[in-house]
Amino acid sequence: MERAQQQSSDSILATLSVDLLIQILDFVADPRDRKSWRQVCRGFLHAEALRRRSLRVLRREALQGLLRRYAACLERLDLSACPSLDDHALAAALAAGAGLWRLRSINLSRASGVGWRGLAALAKACPHLEAVDLSHCVGVGDREAAALATAAGLRDLWLDKCLGLTDVGLAKVAVGCPALEMLGIKWCLEISDIGIELLAKKCQNLRVLDISYLKITNRSLQFVSSLGKLEDLSMVGCSHIDDEGLQFLNNGSNSLQSVDVSRCENVTSSGLISVIEGHKYLQNLNIGDCFPELAPLFLSKLNDLRDSLTVLKLDGFQVFAPSLKIIGLNCRNLVEIGLSKCKWVTDEGVSELVAGCVNLMTIDLTCCHLLTNKALVAIGDKCKNLTCLQLESCKLITDKGLDCIGTCCSNLEEIDLTDCTMTNAAMKYLSRCSELMVLKLGLCDKISDEGLVHIASNCKKLRVLDLYRCFEVTDDGLAAIATGCKRIKNLNLCYCTRITDLGLKHLSCLEDLHDLELRGVHCITSLGITAIANGCQHLTELDLKHCHLVDDAGLFALGQYTKNLRQANLSYCQVSSMGLCNLLGSLKCLQDVKLVHLTQVPVEGFESALRASGGRLKKLKLLTGLRHLLSPGLIQMLQDRGCRIRWVDKPLNLVP
């Protein structure tokens, strides 16, 4: 009878046209629901394939089959989390959809195994390619740039920290991809003024350019100033650039809207004034950590940007109340202000600022040690649209200040109270903010279960919760969070020493949990880890450092259930060779692992486990003593496949 019912159901579904199924699918927003959809029948799977425009692949072995299914419609492909991806795997996967590709964007960041052959195959197979991200592929150099240069339609290219890239490779890209609109070459230390000159001549359509930390001089800015369409220029930490270089940007030939010169130690207010004078429509200005004090002339020049400036970051400056008053008067359209680690920021200054800047949505007051509750009262009274408030290490602020924020700022989405003297009363006040998504309470050692109950009662949208060293939190507090905040993705419980396996069992119902930090939680055992592994199967990052009671049983559970795990810290755990070998062999997505002071694992165990990883690891942390004990062939194999090994010399300390 059940079989007959199934056949009847299948026949009904078969009458639905593909177009109708696609229209129905458009109403299915949740990724998990879409996964269930495509598992119903082949017709549903086919409809989903025709509608899918983006894809993120987590396992190399699934890559070829997925691309064969989706090649005809796919426009955006993310392979940044696909371990041990190399030229052969990329070329084979692209061949699976030969002649069908409509791909416009591909993310290969940190895909250190991909070289010029794979990129040449990519450019040849995907004639519509417009965006490529190769950031943090440290082995990418001039040959890879030459391969990419054959993709003439390329508009967006990110090569941040491609350490092998020189002026020669940049020249290839500039000549081959004249339509470039966005380019990131941050930390490409071999690029000089010569490369920037050719880039500026050949790529006149550039709108976004990031040249941060390059060893370029003022000559590069002279060339950059000729880019008439440039809107966003980042040159963080360019220590050879000074006011003379910034004066080249004063010619007004480009339409800059965003400038970031933070950490440019030779830039002064004089150079910034020239930038302001040349660009009356500047919207975003970041000058953090440049020079110690704001000059009066610079502050007065901000009045020229009164209609356009929306973001101003002054991190690290000495900022007195009169300066903040001028900013409040001259920059009334600000929506974001950065005052992190600014000296001499007082209640009076903040009050003067917000009196004029009532549209502020993001306020960063990190380490402004002089602030008290009066500053928060002023913010709550004036900034009704506040969504993000950073108050880390503002130790003079108390619960009373949060009362005003909770009452007046109902749209608050993020607040950082790390290292502040907050109690459960503050959590009661913050629970009025039903839109809250990020709550950081690290080092707030007076927060207990009672405070978490308040948060769980009304903050249903909470995604990130940091309870680092909140010693009073117990299993009951986690039970409340697990019940009321089911959408949590990131949870930091490091050194919350009163948490046991029961607390982890409560958390196991959080299906969206991706990042869990349990460092120094001494009471948890493999029973708790098994509960997490079984219930939180989307987990991608896990920190178990100094969890001394976790043994092989916990690792076996992780290897069986958490197939998406990418980062793991197992240092000081009581695991054996068998458990470690099973974990590294089972988790096909694991790319970053820390294995310091695994006292029950001999050299042979490390050798077997690292070989079992199949060369998928990109980052590995080991004791220096193993450097001369592991076989040279193994170490060479790991490094050849793009694994960066960090050797550390740490004493065995069982009590963190």
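Q: Before we start, what does contact mean here?
A: Contact means heavy atoms within 4.5 Å. Keep in mind, too, that this is a predicted model.

Q: Thanks! How are two packed helices described?
A: By the angle between their axes and the distance between the axes.

Q: At what angle do H15 and H16 pack?
A: Helix H15, residues 321-330, packs with helix H16, residues 347-356, at about 5°. Their axes are 7 Å apart. Angles under 35 degrees count as roughly parallel, so H15 is roughly parallel to H16.

Q: Which residues of H15 and H16 meet?
A: From H15 there are Ala321, Leu324, Lys325, Ile327 and Gly328. They meet Glu348, Gly349, Val350, Glu352, Leu353 and Gly356 of H16. Sorted by class, the contact of H15 with H16 has five nonpolar, three polar and three charged residues.

Q: Which residues of H20 and H21 make the contact?
A: H20 brings Asp449, Leu452, Val453 and Ala456, while H21 brings Asp476, Gly477, Ala480, Ile481 and Gly484. By class, that contact of H20 with H21 splits into five nonpolar, two polar and two charged residues.

Q: And what about H9 and H10, at what angle do they cross?
A: Roughly 0° for helix H9 (residues 167-176) and helix H10 (residues 193-202), with axes that come within 9 Å. H9 and H10 are therefore roughly parallel to each other. On the H9 side you'll find Asp167, Leu170, Ala171, Ala174 and Val175. On the H10 side are Ile194, Gly195, Ile196, Leu198, Leu199 and Lys202. The classes in the contact of H9 with H10 are eight nonpolar, one polar and two charged residues.

Q: New topic: how many cavities of 30 Å³ or more are there?
A: The count comes to one cavity of 30 Å³ or more. The largest cavity holds about 50 Å³ of space.

Q: What lines the largest cavity?
A: Its lining is Cys82, Ser84, Leu85, Ala111, Ser112, Gly113, Gly615, Arg616, Lys618 and Arg641. That lining has three nonpolar, four polar and three charged residues.

Q: How much space lies in the second largest pocket?
A: About 330 Å³. The second largest pocket is lined by 17 residues, and the closest to its centre are Arg110, Gln567, Gln591, Lys618 and Lys619. By class, its lining has two nonpolar, seven polar and eight charged residues.

Q: Last one: where does UniProt place a domain?
A: An unreviewed UniProt entry lists "domain: F-box/LRR-repeat protein 15-like leucin rich repeat" at residues 202-282 and 410-584. In the model, residues 410-584 are 35% helix and 12% strand, and the end C-alpha atoms of that span lie 46 Å apart.

How values were computed: Residues numbered from 1 in each chain as written. Predicted model: local features only at pLDDT ≥ 70, side-chain atom pairs only at ≥ 80, totals over all residues. Heavy atoms only, no water. 1 Å grid on protein atoms, 1.4 Å probe; cavity = no way out; pocket = protein on both sides within 12 Å on 5 of 7 lines; lining within 4 Å. Points joined across faces, edges and corners; volume = space filled by probe spheres on them. Nonpolar A, V, L, I, M, F, W, Y, C, P; charged D, E, K, R; others polar. Axes fitted to C-alpha atoms, helices over the stretch in contact; angles between N-to-C directions. Helix = DSSP H or I, 4+ residues; strand = E, 2+ residues; numbered from the N terminus. Parallel < 35°, antiparallel > 145°, perpendicular 65-115°, else oblique. UniProt positions renumbered as here; feature names shortened; annotations may be inferred.
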